[in-house]
Structure formats: C-alpha cells, structure tokens
Amino acid sequence: NKSKQNHERKRIIMQTPISINLNNKVVVITGAGGVICGCLAKALASNGAKVALLDLNLEAAEAVANEIVAEGGVAKAYKTNVLDKENLEAVREEIEKDLGVTDILINGAGGNNPRATTDNEYCTFEKQVDKDFFDLDAGGVRFVFELNFIGSFLPTQVFCKGMVGRKGCSVLNISSMNAFTPLTKIPAYSAAKAGISNFTEWLAVHFAKVGIRVNAIAPGFFVTNQNRALLFDAEGNATPRTKKILNATPMERFGEVEELVGATLFLLSEEAAGFITGVVLPIDGGFSAYSGV
C-alpha cells in the first residue's frame, strides 16, 4: 500500500539497525551539521520523521538536509545560534510553518575550545608547558560551559513548551563518557558534560507529569571534525593520546557514528521505551566501565 511504499522509500536514506514509527513526527536537532548529529538526522528521516536541522553553520546543515531530501525524506536546515533565545524562538516559528510543531528535540550542539584546554595532563612543581591549569582563559572556560549547557538549556525551553501535554514527545541530550570520568586536559568540557547528565535527570523529573520523556546518550570516542587533529597527525598516524584512548577502551577501537543510531532510536521510541526517562546511556566500547587493570 501507499504508506508501506512511503516507508520503504524513506529507508533508502540509511539502513538503520532497528525501525521505529516516526511518521509525521517533527524532530528538531541542534548541531545537525556535525558528523554525529548529521548521522542521527538521516536515521530519523529514514524512519519517517520530518527533520529540522539547526546549526550555526548553515552550509553544513544544508548539506545533510539536501542528502535527506534527495533520497525522498523530509528535512530543512535553519541557521541557528543556540545561545540566542530570540533567534531560537524565530527558528521555532519557521519550523512550525514549514514542518509542524516539534515532537522530539535532540540537543546536539556542543564542543570544546583550545582556550579551555591545558597542554599538560599533570601539574608539576616546575612549569614545563606554555599553558597549564593556571593559564586557562576564563573566557574560554565560560564559552565551553555556555555552548554545552546553555546551548541545551535554551533550546529545551523554546521547543519543549509546545510539547507539554502532547503524547509521544521526548528530549534526547548528548552527554559524554567524560561525564562519568573526566579526561585530562579538558576540565571545562568534562564538567559541562557532567552538567548535561545531571540536567537530563532534572528535566526527566520536572517533565514527568506532562508527558515528556528526557534521556541522554553518552558517546565514548568517535572520530569527528572537532577532534580529528587531536587523534591523528598530518600523515594520519595515531597520536600518543589516541594510543592511550584505545588502551583504555576494552573493545580497542573508536566507535562508528552509525553505532549511535540503535540506542537513539530505542530511547526515542514511545513503544519501546515509554517507561524510560532520566537515563544516560554510555556508548563507549566499555571505556567508562574499565578501571585500567
């Protein structure tokens, strides 16, 4: 029949490990021009969702949207600053005109900044590097906290208001295995992601009476545009930090972004996960469970 043909047509975008019914659901994804959220956008469109791709880099978001549309899905990109509430509200109005009222929000915008990163892993008695903990720029630390926490807080305010009292609505935050055990060199990013995990639990309780589920995934190490230069040198060889990462990952490899899809679809499925809220699910090859011995 026509609905079955439509579903099969959308599946061409990406073959997902599980299938859920997202037909006519409007999904808003921030940071959608990135590797991880771009992949999630394609997976959701493959399962019938109408996807709004929000990113400060409009060109990157449009590239993902164009790929989805070319394969028969429904998607549109919107230039968005997740730290500007007025801009978010204007984008919400556009989305409602173009696609409808939001059913699902994925808070994917985030990242680190060199100004909030130390050169050394451990403090020493004598200064041995150009930038240690005492040299970190407060503005850089503040930027990382705002991008990760406020960049999830404000979209949740703007898009969840229309979810209250409607069936099948949910929020998925992107935390990190940093939230369980902080990594060396990146104190601001680790702390900010711990805040996202805590905020996920807070929101789950706050929205429990009005029908909005809130969960998070916590990716381990995946190669993205943001971290590629830290993981590999110009010749494509693994850096010393990469070797430490893989030694601390029991599965001894980086994750593939497609390996985030199954957990995402499961948590967003009202049929499969309707009684699950407040969960932060690690997807990290065992990194957060490994003590090192």
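Trainee: How much space lies in the second largest pocket?

Mentor: About 420 Å³, the space filled by probe spheres set on grid points joined across faces, edges and corners. This is a predicted model, in which local features need pLDDT of at least 70 and side-chain atom pairs count only at pLDDT 80 or more, while totals for chains, interfaces and linings use all residues. Residues are numbered from 1 along each chain as its sequence is written, and side-chain values use heavy atoms, with hydrogens and water left out.

Trainee: What makes a set of points a pocket?

Mentor: On a 1 Å grid over the protein atoms alone, a pocket is an open set with protein on both sides within 12 Å along at least five of seven lines, and lining residues have an atom within 4 Å of a point. Here 17 residues line the second largest pocket; Leu183, Lys244, Ile245, Ala248 and Phe287 lie nearest its centre.

Trainee: Which classes make up that lining?

Mentor: Eight residues are nonpolar, six polar and three charged. Ala, Val, Leu, Ile, Met, Phe, Trp, Tyr, Cys and Pro count as nonpolar, Asp, Glu, Lys and Arg as charged, and the others, Gly among them, as polar.

Trainee: Why are α5 and α6 called roughly parallel?

Mentor: The axes of α5 (residues 138-160) and α6 (residues 187-206) cross at roughly 20° and come within 8 Å. Angles under 35 degrees count as roughly parallel, over 145 as roughly antiparallel, 65 to 115 as roughly perpendicular and the rest as oblique. The pair is therefore roughly parallel. The contact includes Val141 and Phe145 of α5 and Ala188 and Phe199 of α6, where contact means heavy atoms within 4.5 Å. By class, the contact of α5 with α6 has 12 nonpolar, four polar and one charged residues.

Trainee: Why are α2 and α9 called oblique?

Mentor: α2 (residues 35-46) and α9 (residues 261-268) pack at about 55°, with axes 10 Å apart. That angle makes α2 and α9 oblique to each other. Cys39, Leu40, Ala43 and Leu44 of α2 touch Val261, Thr264, Leu265 and Leu268 of α9. Seven of these residues are nonpolar, one is polar and none is charged.

Trainee: What makes α4 oblique to α5?

Mentor: The axes of α4 (residues 85-98) and α5 cross at roughly 40° and come within 10 Å. The angle therefore makes α4 oblique to α5. Lys85, Leu88, Glu89, Arg92 and Ile95 in α4 meet Leu154, Pro155, Gln157, Val158 and Phe159 in α5. This contact of α4 with α5 has six nonpolar, one polar and three charged residues.

Note on methods
Axes fitted to C-alpha atoms, helices over the stretch in contact; angles between N-to-C directions. Helix = DSSP H or I, 4+ residues; strand = E, 2+ residues; numbered from the N terminus. 1 Å grid on protein atoms, 1.4 Å probe; cavity = no way out; pocket = protein on both sides within 12 Å on 5 of 7 lines; lining within 4 Å.
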